[in-house]
Structures are given as C-alpha cells and as structure tokens.
4 protein chains.
Amino acid sequence: MKQRVSLLDTDLSLSIEEREVPQPGPGEVLVQVKSVGVCGSDIHYFEHGRIADFIVEQPLVLGHESSGVVSAVGDNVSDIEIGTTVAMEPGVPCGRCKECRSGRYNLCPDVEFFATPPIDGAFSEYVVLPRDFVHPVPAGISFDAAALVEPLSVGVWACQKANVSLGTRVLITGCGPIGAVCALVARARGADVVAVTDINADRRAQIENLGFRTVDPGQQELPEADVLLECSGAAPAIDQGIRALAPAATAVLIGMAPTDTVQVPVGAIQGKEIWLTGTFRYANTYPSAIELIATGKVDLDALVSAHYSLDEVEQALTHAKRHPADMKVMVRP
Amino acid sequence: MKQRVSLLDTDLSLSIEEREVPQPGPGEVLVQVKSVGVCGSDIHYFEHGRIADFIVEQPLVLGHESSGVVSAVGDNVSDIEIGTTVAMEPGVPCGRCKECRSGRYNLCPDVEFFATPPIDGAFSEYVVLPRDFVHPVPAGISFDAAALVEPLSVGVWACQKANVSLGTRVLITGCGPIGAVCALVARARGADVVAVTDINADRRAQIENLGFRTVDPGQQELPEADVLLECSGAAPAIDQGIRALAPAATAVLIGMAPTDTVQVPVGAIQGKEIWLTGTFRYANTYPSAIELIATGKVDLDALVSAHYSLDEVEQALTHAKRHPADMKVMVRP
Amino acid sequence: MKQRVSLLDTDLSLSIEEREVPQPGPGEVLVQVKSVGVCGSDIHYFEHGRIADFIVEQPLVLGHESSGVVSAVGDNVSDIEIGTTVAMEPGVPCGRCKECRSGRYNLCPDVEFFATPPIDGAFSEYVVLPRDFVHPVPAGISFDAAALVEPLSVGVWACQKANVSLGTRVLITGCGPIGAVCALVARARGADVVAVTDINADRRAQIENLGFRTVDPGQQELPEADVLLECSGAAPAIDQGIRALAPAATAVLIGMAPTDTVQVPVGAIQGKEIWLTGTFRYANTYPSAIELIATGKVDLDALVSAHYSLDEVEQALTHAKRHPADMKVMVRP
Amino acid sequence: MKQRVSLLDTDLSLSIEEREVPQPGPGEVLVQVKSVGVCGSDIHYFEHGRIADFIVEQPLVLGHESSGVVSAVGDNVSDIEIGTTVAMEPGVPCGRCKECRSGRYNLCPDVEFFATPPIDGAFSEYVVLPRDFVHPVPAGISFDAAALVEPLSVGVWACQKANVSLGTRVLITGCGPIGAVCALVARARGADVVAVTDINADRRAQIENLGFRTVDPGQQELPEADVLLECSGAAPAIDQGIRALAPAATAVLIGMAPTDTVQVPVGAIQGKEIWLTGTFRYANTYPSAIELIATGKVDLDALVSAHYSLDEVEQALTHAKRHPADMKVMVRP
C-alpha cells in the first residue's frame, strides 16, 4: 500500500513523495495521521536546515505534534483497537540505558524523535510507533486537540519540574504557544499566574483572551514570582525573569536560546538561592496532559487558527512564521 | 569591664580600640573569643571597603569564623554552662518572617551577620550572641577547629543542596579553603570526588595532601560528574564545570563571582536538564558540622597554617592575601 | 476593660465569665473575635475533659477556628491597621528550637495552641496573638470563611504533604468537614478526586452536594488511587484505603484514630512501596489557604449550617455532636 | 552442552538435574555461575514451598544472590567481554509499563525475578540474563563479594529511600545479614548508626564485630533516631522502632513481616509526622553498590562464614537455617 508524505529536501524545498506504508512490527502500531501541529522547530528546519547539531543531510519528514487513528497493530499488541483515536508521543527512547532506567527517558542518548534528523516525522498519511507511545484519547477530543497534547506536555513537564502548585506565583516570559500551554497548565494546578510577558502586543492580546494578565517587559516591571517559566529563549527575558524571583524560587528555561551561552544573573541565583533548570522535551506526561483536555480544564482547540492539507505544508510553515500571534497552525493529512 | 577590639576604619586602616564588654540580654550568651579564622570576605573589606551593597560606612569589627568559651549568660538561659567551649554561628535571623518560618533562615532579609556592615564581627575579646546561635562542641576539639565550623558549614550546606551521597561523582572547581571543605564533606558523605580543579599548582598541591585528585583545568579535560561544587567564582570554571556534568546533574555556585552576571552554558542546562543553584551562607548546619569534626571524619586543624594575635589582624589579613595556597590563617584574641 | 468568655470547667460544665481584656504586648495584636467554628476536638473536651495527654485541669476556653477584627496593636507592630479583618492561626511556636528552625513549626514541642490545655481558645470576645499569627484577609471574605481558614489549612497541609497535583487520583475516606476541605483543596490543585467515602449516607450526600463522587465502603470497592487522605480515623478505612493505593502511592492519616495503634497492611506498604505519614496541624498554610478563598476556588460559607452566640456555646457543641452531617456550626461572640 | 542445576521439587526435596545450557538471545549474556549466597527466602521456599502468593508448583531452581563470569554473548552485545567477572541483578522488568517508565522498575508487575516461582534462580552452572542486568565488577573483588552485591543493594536502596546522610541518626532493628548491610551502607553515607538491635546475643555479637553499637531491645530503651531501618519483620521491633523516632523522621520496613497486617503506632506517626514506607527489592542500585565494595568502604567477604558445592545446596540451606548468627553461607557451583 502506498501513502503520500511531505518531504523537506536538503535544499530546503518541500515536495510530496509516494512511499510504501510501513508495517507495524511486534509491539508496534500503525496510525493513520489525522492532524499535525506546526512547531517552531519545523519552521527552523525549513528555513535553516538545522537545529544545533541536528542537520538535514537527507530528505526529512517534518511534524511531531500529531494525532490519528489506529489502522493496524503488530504482534503482541492486544490492548488497543483498530479505529481508536490516539495522541502520538513522538520520542521513542531505548528503554535500557541509565537514563531510561531512572525514569527520565527524555534524556536517553539514543532516543528517536519525530522530525529530528535523521528520524522522519508525521507530515504523512501513516506512521508506525511502539504501542506504548500511542496514547488513546477519550471520545469528544478533537484530532487537533489530540495532536496538541504534544506541546501541552511541554507545559505539564515544566510545571512539574518547578512544582507549580496551589498559590504558587508563576511568571511566564513569552506569549507564544508554549507560554500559553504553560499558563494553562499552571492555572489548572491552582497557581496564581501573575503575568505573561511579551514585547509583541498582538501576542499579549492572544494570551489575554485566555484570561491571563500580561506585561510588556519594555514598559513595566515584572511582578515578583515563585516560579519563572521562560518560554522566549530571549536573553533579556532570562535576565529580567530571574531577577523578579523571590527567595528559594525556581526558574525553568523552556524556550531555546539562540546562543549556547547566555548572561545569567548569578548574583541573584546565589543571594536568593534560586534553582535554575531547563527542560528537554518531557517524560511520562501524556496521561495527565490528556486528562487535562478530557476534563475540560484546558481547551486546546481555542489555540488553533488555521488548517492546511498535506500538499500545503509549505503554506502552513510560512503562515506560522509570518503570523507569530497565531498560536497554532495545523496540517491535516 | 573593658575589652580590646580590632577596628577597620572607613579609611581602611586597622587599629585596636578599647570598648565596654557587652552584657548578655535575656536569652543571650557572652562569649570570650578564642580563635577566629580569616576569610576572603575579611580581606575584601580590608582592601576595598565594600562587598556588593555592603559598605564600610562606620568603623567595623571584622571576623566571622569564631569560637570561644561561654563567659556569662543572660536571663532565661539555663542549658549552657559558663566555661563551655562553643562554635559561634555568626548570622542571627529575625525568626518571624516567611523565610525564617519556612526553615531557610539564611535568606531572612533582616539577618544580622558578623562583620557585614554595620554588624560587628569577632576580631575582639568578647561577643554576645543569642543562646541558639552558640553551639557547644565536645571536648577534644580545638578552638581553631571550632572556629572553622563556620566555613565547614558552607560545605555541609552545599553538599546538602546537591544531595551529594553514596557514589555521587563530585567535581569541585577551586582549591581554596571552601573547595577543601566541600571535598572533605563530600567524601564523608560517601561521594566519589572525581577531581578538584585550580589553575594554581600550589593550591592543587594542598588539596592533594588531603588525599584528593586534582586537575589543572588549563591542561586537562574535566571528568564527568553528577554534581559540580563551584568554589572559585571564576567564569571559565562555571562554564567548564557545567559542561562536564552528566544528565540530570546539579551545579552549585558557592564561590562569589566578581560580576553580577556570568555567561552560563544554558544549552547544556536545557539539553541535560541540569539543576543550577547557588548558596548563601547556610541554615541548620552547625550540629552536623560539629559531629563531622567530633567523629574525626574531617580534620580542620590540618587546614591551619598560621596564627596571629588581635594586635596583628593586619598581618593576618596580609598573610592570607599573599599566600593563597595557605588554607587558613587564624587570629587568637 | 472587661470581656465575656465561655469557660469549660473541670466538671465539664460551661459558663460565661467576665475577664479583663488582655493588653497586646510588643509584637502582639488584640483581636475582637467575630466568628469561631466548632471542631470535633472542642466536642471531645466538652464530653471527656481530655484528648490523649491534654487534660482539662483548670477552666479552659474552647474554640480554635477563629476570625475577627484587629482592635489594638502592641509596640513594634506597624504593618497592620486597626479594623483589619483577620484569620487567626491558633498555634504559636517558640521560634527557636530545632523544629522551628527547620520550618516545621507545627512540631515545636513548646507550641501554645488555642483550646489545648492549659492554653485558652477563642470562645471569647477578645484574644491576643503575635502579629505573625494574625493573617489579614481580603475584603469580601466573610468572618465565617475567615475562621474556617483553620480547618482549610488542614486540607492544604495534607495535600501538600502528599504532593497532590494535576492528575493525581485522590481517595478520601471520611465525609466530615476535614474530608470536605481535603476534597476541595485537592480539586483546586487539579487532582482527580476519585471518591470520598463514608458509612453515613447523610454525610455522603453533603459531599455530593459539593460535586464529588462518593462511595459507601460497606457496599462498593474503593477505586485505585495515588493518594489516600484518611480523614475518618477509623481502622477499616485505614486498611481499605491503603489497599486501594497504586504502587509508589502516598497515604496521609489526618483523622485521629481512637486508639494509639492500628492494624496497618504492611504487606501492601512493602510490596507497593507506599509512603504513609500523618499530619499534626499545619505550618505556613494560611497565605495559600486565604488565597484559595479569595480567588473563589473554595467556598467555605457553603459548609456552615448553624450559628450560635457566645452564651450558646453548649448548644453549639451539642448541635455539632448530634448532627454529624452538618459540616460546620459557628459561634459568633 | 549440558549443565547441572539444583532443583527444588514440589515435594520440597532437592536434587541435581542435567539440563541444556541455555543460549543467549539478542541482547543477552550467558554467565558461568561462580558464587551464590543463600538468602532467607531460599530457606523459606525449601521449608514451606511458598512465600505469600508465590508457590512452588513445578520444580524450581533457588538462589538469586549470584556472580559469575561471562561465557558467551548474544547478538547486539558488544560492550562486555567473555571472561568478565559480573554481579547479576536477578530481577528483569518489562521496561515498558508505567512503573518501568517512571524509574521504579522494581515495582514492574511483570518483573521476572530469580528463584521466584516460576522463574528459575542461580543454583546452577549457567544462567542467561539481558546484558543490562549483568554488571561487570572491577578486578580484586571476590566472586562471593560480587554475589553479595544483591543483598548489599537492599541496604543501598533502603538508605536511599530514607535519605540517610551525614549526621543522620540511624536505628536498625534486626542483626541479620540485611541489618548488617544496612548498617554498613549507612556508615558509608556518613550517618551515625546509633544502634542495631536484636533479641539474639550471638547475632548482636556479629554486628559488634563490624564496629557497631547494639542494643538488646528486651533490656534497654532504644535511642532516639532520625531513621529506622526495620530489618526483622517482628511486630515489637516495628512498634518500638517507630516510637524511638524523632519528629519528621522516616521508618523503612525492609524485613518481611510474617503477617499481612501489623499493629502500627499511628499516634506517633501522626503526632510526629513520621514517614513510613517499605522496600520491595531495589532499582538502579548495582553501580553504587559495586563502587562501595571496590573502594573498600564495605567488606562483604567478612560476612561469609561457610561454602558449599552445588551438590550440597541442602546442607547450605540447613546450615543457614540452624546458625542464624552466621551472616552468609555461599554455594559455589
């Protein structure tokens, strides 16, 4: 059986290719892809052909925020039915190394992650994944929302790392989709989101629509907080955000900085004994992220502003790039 | 009754002054000072008249690593006898604020700390402290060792923050007295101190004498570690140290950086989900620090290389400054 | 100035006595009491004259869930105004011992707690407390709700101990007021309260009115959970509740068992590596408990079913005892 | 190729059987067994034919504390050489379930554990294990010591759960081999082992030989401690041990109680907010346990008191049962 996939070539052109539909091996599942979100990393590969040491050296399928319907199962898979709607966890670790055995499989050095060279992503009609990385979602959750369990997981993981809880004053820097999911998750955990910041007024307006206070960091001081969720990757945001923290607070760097090193206010970190960390994807987040949607605590459909077909991946990427205040652009294969 | 104190004037000259011996109030203890260690901060005040926002604006008594003998007790003090040898915890918090009530009294905004303007330190014959900050030490511990419970506490606190434990691979940057106590405490906790680094060969030699492996960071790569205890405050050490860490490792900034911000490898922090924090003094460390000495796990007397009298504080400070490989210079009032 | 207080005599009779209004000392505040909740412990002292080793050996003022209005302040109190509505934290620790310095002041051996012999409680017109234990509440919070910050704190503390968070499956045994506040706090932290159990159908109905699922433990199996908040003190609930837990789960004993020891399923604790602990009051909970009410996440007024005057304390205690399904009876001095 | 294995039949008789030497599959390793410790569970199966729900319903090979030499490797195993001395981790989890993915693979419901029906153990000449559960040991470690990494792991795990660290006062109940390894590990972590208790004077004498203080719990009160490591499974030890704990202390039930429930002093657990948990085997402990031996911090050879051949498994089990003060009896196939 043949399927169509959207390929990013090494010359950074996009085209549709016909490929054989893969067969699920033992313990694996074949999923018919229904919805795939466009992420900043997809745009970055499309524009630059690389992120850090990951280089597009052969044609690559982009897309890693994906959902679909189970189409076939391999041997030894008996606990999921064909036709089940699923959210796909795009990173498959080795399951054997020290990191995997310690419960932090996101740090597995051998993880294979969708749309990270040379591993293909989900801008295609079908993908194969191990059963354990295919998460059924309850009825009533849209394919878009199921796909967006992936970015939601980033927020779940960050809030978990920072132990965001009842009454925690949370400051979020960056009003993009990751800032949005961080704010939504923090609120669902009972936190007090004291402000979400962005230098772009249109992006601030989007976050305000979700019911959050925003701050223009060029105009106003940032309010004191117990947790900083830094989603912009911008050096001034890192600096200002850390300085706004209370004693014994936690700062989590989620947005990827454009440079390998950044000026960090170590005086504040020492004087207030602040904890600073970063997130690299997530681990064990899908169940609670799905529950967040299923219980209505988080409405991911509200973040979607445009849809494109598999033939229109280039338009989808261009749209997302040109409209930074549009939270999410989806591709529907 | 009169006593003699060593005063640092605002013109940075040192002189002996006669002062009234203070009377212990309710809940307080008068201690006859026996031994006081010279710390880098004492030298810094002597040379520059300030550290960050703490400025010598009136004559100041330096010295905060101190021990002595209980000489008198105030009202409501019934659980310590006159003549008891004590280590003095030099920072007295308010006991009422949010930080104090949360068990992190080192972050109390109203803490009064020896030799931090305008609070006088211990280069004097007598000092008064609340009973709770005067810690009896068992027989057989020297006055020098009792005084050095203070810097030892810095190591106890740092190792506790980083959860240094059995089999933890610990990398220490900086072979000064704080690097030494960190190494000693880490070893006592069952850790594997993989290396202590310093660009100064004499200082490395001192640490080697204590039984630790050292590395010249200009010549050799740093070994991989689970914990970095950064004791130098030097930007290259922070950078190299963090890069040497394993996934999910912890870095603790203990040495004070000369600048308020430092280039930090945030890419490594994110990609490996490293936790970075700093220490500001310590809390609740004196009992276990004293036990470390009492049980012979740590020998602080071996760190002492010179003694001076109260009249010789200037010589003591100058000695310490000129001989960076001399771990500890003590003043004996 | 005179005030009226309700006194429990050693013969367990209640009467009104005239007493001098106390003067606030340095750092203290005089509060005119406005609302006081009746707690099971008040009823127990009234009926039995003792709880464990705390014995009514001299006339005692009961009541420890209280709110009021600041009426006067002592020296050195400058940050609260006369007329401010406050919730009163009824346990004042020494602030100096090991427990206090470690941030767990609820375990201070010298704590003085309202209505715990020989310390008087709040069934009176006025009480004096240190400023730090008098918590201002925002406008719009009723005196009843402000008084009930105390039992709410019990739920805040238990949920914090168990790290109840997003997606945590929480099982609560006991549908009394403490079960109710635990359920409300767990829900506000994003947890999935899978069931609240009680053998009394009327009490289950009360909890259902708050929007929770209930289970009759005599009829149905308890659902699997990640956290057990045991609020009944009943041995069968402890046993069943622990057995319902998932691997690595946490059980918190909040309700006081009538006996000093209880049969505990240690096989389950070992085989599933369950963590079991108990709570003794709370520490540092008032700010977030007040915020829970202020933000409308928890509606404590809905728990109140009857009001009595200071002259009717006996009726209040009797009412509470006779109507176990009535969540809260309040006394308004 | 044939090998000889020692079989426990369902009638609880022991005999030698010839079997085919198994072939290592992909990712697996064939190990020639060199030394196997006799554990209480082996004796229990030999005497009673069952432990809890694990029943000897078909002939079973006992023995799970084992070491050996790599004899062959399967496909995809390239990082271990034939001839390497290894300690064998006897429980192989599924690597895919929620528990495995969370880093607590000891709680995997599908774990296959040596000598736990119907999984065969190591009283045989050869065994096959996945490469990841075969841990190379440095030169200079005896086969006996390498085998005893298994019980040592129990102590490593318990101390880790209880966060035994510098200055922690540790009380251990039970002077058997598990009590001994707990004491050795606690000491290596810098703890103060305040006492190891046993009602049997011979067993106390063995622990004293290792340099620990002991207490006869029938004669003396137990000293106050911050951590209880309960290794006896005896109800009085659980009760006394928990009562001896300080506020906020931790109790770990390691020894298996003969009954499913035990009277536990819940009043103490609540009043002092003690944390109680149990251990079920261990996870991720082998590397640090091996390092403990390699660095000389723990001498396991000192625990061995007798050796038997594969033909003498019955004598080995009988010896161990009759001499409870003999720490370890080894079988050398």
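Biologist: Where is Tyr126(A) found?

Modeller: In this predicted model, Tyr126(A) is part of strand E10 of chain A.

Biologist: Why does Tyr126(A) count as buried?

Modeller: The relative accessibility of Tyr126(A) is 14%. Buried means under 20%, so Tyr126(A) counts as buried.

Biologist: Which residues does Tyr126(A) touch, not counting those up to four places away in sequence?

Modeller: Tyr126(A) touches Met1(A), Gln3(A), Val21(A), Leu30(A), Val31(A), Gln32(A), Val33(A) and Ser71(A). Of these, Gln3(A) is 123 residues apart from Tyr126(A) along the chain, and the two C-alpha atoms are separated by 7.0 Å.

Biologist: What share of the contacts in chain A with a separation of 6 or more comes from residues 24 or more positions apart?

Modeller: Such residues account for 69% of those contacts. Chain A has 10 helices and 20 strands, and 60% of its 333 residues count as buried.

Biologist: How do you know whether the radius of gyration of chain A agrees with that of a compact globule?

Modeller: The rule is 2.2 Å times the number of residues to the power 0.38. With 333 residues, it puts a compact globule near 20 Å; chain A has 20 Å, and therefore agrees. Along the principal axes, the C-alpha trace of chain A spans about 60 × 40 × 35 Å.

Biologist: What is noted about phi of Leu12(A)?

Modeller: Phi of Leu12(A) is near 70°, which is a positive value in a residue other than glycine. Leu12(A) is found in the loop between strand E1 (2-8) and strand E2 (14-20) of chain A.

Biologist: Why is Leu12(A) called partly exposed?

Modeller: Its relative accessible area is 23%.

Biologist: Is Asn76(D) buried or exposed, and how do you know?

Modeller: Asn76(D) has a relative accessible area of 68%. Exposed means over 50%, and therefore Asn76(D) is exposed. This residue is placed in the loop between strand E6 (65-73) and E7 of chain D, and its phi is a positive value near 65°.

Biologist: Why does Glu89(D) count as buried?

Modeller: Glu89(D) has 1% relative accessibility. The cut-off for buried is under 20%, so Glu89(D) counts as buried. It lies in the loop between strand E7 (85-88) and strand E8 (91-92) of chain D. Leaving aside neighbours within four places in sequence, its contacts include Arg101(A), Tyr105(D), Phe133(D) and Tyr286(D).

Biologist: What makes Val196(B) a buried residue?

Modeller: The relative accessible area of Val196(B) is 0%. Because buried means under 20%, Val196(B) is buried. This residue belongs to strand E13 (residues 192-197) of chain B. Beyond four places in sequence, Ile172(B), Cys175(B), Ile207(B) and Phe212(B) are among its contacts.

Biologist: Which residues of helix H1 (residues 40-48) of chain C are buried?

Modeller: They are Asp42(C), Ile43(C), Tyr45(C) and Phe46(C).

Biologist: How do you know where these residues lie around the axis of H1(C)?

Modeller: They cover an arc of only 160° around the axis, which means that they are on the same side of H1(C). An α-helix has 3.6 residues a turn, so residues three or four places apart point the same way. The cover over the buried residues of H1(C) includes strand E3 (28-37) and helix H10 (313-322) of chain C. After H1(C) comes Gly49(C), whose phi is positive, near 75°.

Biologist: What do the buried residues of helix H7 (residues 235-243) of chain D pack against?

Modeller: Their partners include strand E12 (169-173), strand E16 (245-253) and helix H8 (266-271) of chain D. The buried residues of H7(D) are Ala237(D), Ile238(D), Asp239(D), Gly241(D) and Ile242(D).

Biologist: What is omega for the cis peptide bond that joins Pro117(A) and Pro118(A)?

Modeller: For that bond omega is about 5°. Pro118(A) is in the loop between strand E9 (112-113) and strand E10 (126-130) of chain A. In chain C, the peptide bond from Pro117(C) to Pro118(C) is cis, with omega near 5°.

Key:
Residues numbered from 1 in each chain as written. Chains lettered and ligands numbered in written order. Predicted model: local features only at pLDDT ≥ 70, side-chain atom pairs only at ≥ 80, totals over all residues. Heavy atoms only, no water. Buried < 20%, exposed > 50% of the residue type's maximum accessible area, 1.4 Å probe, protein only. Helix = DSSP H or I, 4+ residues; strand = E, 2+ residues; numbered from the N terminus. Arc of directions from axis to C-beta. Contact = heavy atoms within 4.5 Å.
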